[in-house]
Amino acid sequence: MKTFASIAAISLSALLATGCATDGNRYSKTVEPAQPGKVVVNGRYVDVVERMARQRGTRVVWVNKPTRRIESAVAAQ
């Protein structure tokens with residue numbers, strides 16, 4: 001019985017040690033590499049939506065303003 005208890009304790013310790021050794025990224029999503037360029041607010045779209053809202057007597061509250069990505073050659077200016 002003493003042998004069984006020691007084997008069980010060693011096995012449990014080995015199982016716990018291997019569980020702590022994993023990085024936890026097995027089911028995580030892959031991250032897409034960032035595209036070159038700069039992300040800016042799409043001002044043209046914001047203006048169109050706000051103008052239409054004013055014409056209809058509605059107020060727009062932007063939680064996350066729409067954005068667009070501009071090319072790096074344009075972003076450098």
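This is a short chat about a predicted model of one protein chain.

Me: Before we dig in, what ground rules apply here?
Reply: It's a predicted model, so to speak of local features takes a pLDDT of at least 70, side-chain atom pairs count only at pLDDT 80 or more, and totals for chains, interfaces and linings use all residues. Residues are numbered from 1 along each chain as its sequence is written, and side-chain values use heavy atoms, with hydrogens and water left out.

Me: OK, how many helices and strands does the chain have?
Reply: Three helices and two strands, running α-β-α-β-α from the N terminus on. Both kinds are DSSP runs numbered from the N terminus: helices are H or I with at least four residues, strands are E with at least two.

Me: Where is confidence lowest, and where is it highest?
Reply: Helix 3 (residues 72-75) is lowest at a mean of 58, and helix 2 (residues 43-55) is highest at 94. Those are pLDDT values, the predictor's confidence in each residue from 0 to 100. The chain averages 77, with 64% of the residues at 70 or above.

Me: Switching topic, where does W62 lie?
Reply: In the loop between helix 2 and strand 2 (67-70).

Me: And which residues is W62 in contact with?
Reply: Leaving aside neighbours within four places in sequence, W62 is in contact with Y45, V46, V49 and E50. Contact means heavy atoms within 4.5 Å.

Me: What joins the side chains of W62 and E50?
Reply: A polar contact of 2.8 Å. That term means a pair of N or O atoms within 3.5 Å; within protein, one must be able to donate a hydrogen and the other to accept it, and residues adjacent in sequence count only if both atoms are side-chain atoms. W62 and E50 are 12 residues apart in sequence and 9.9 Å apart in space, C-alpha to C-alpha.
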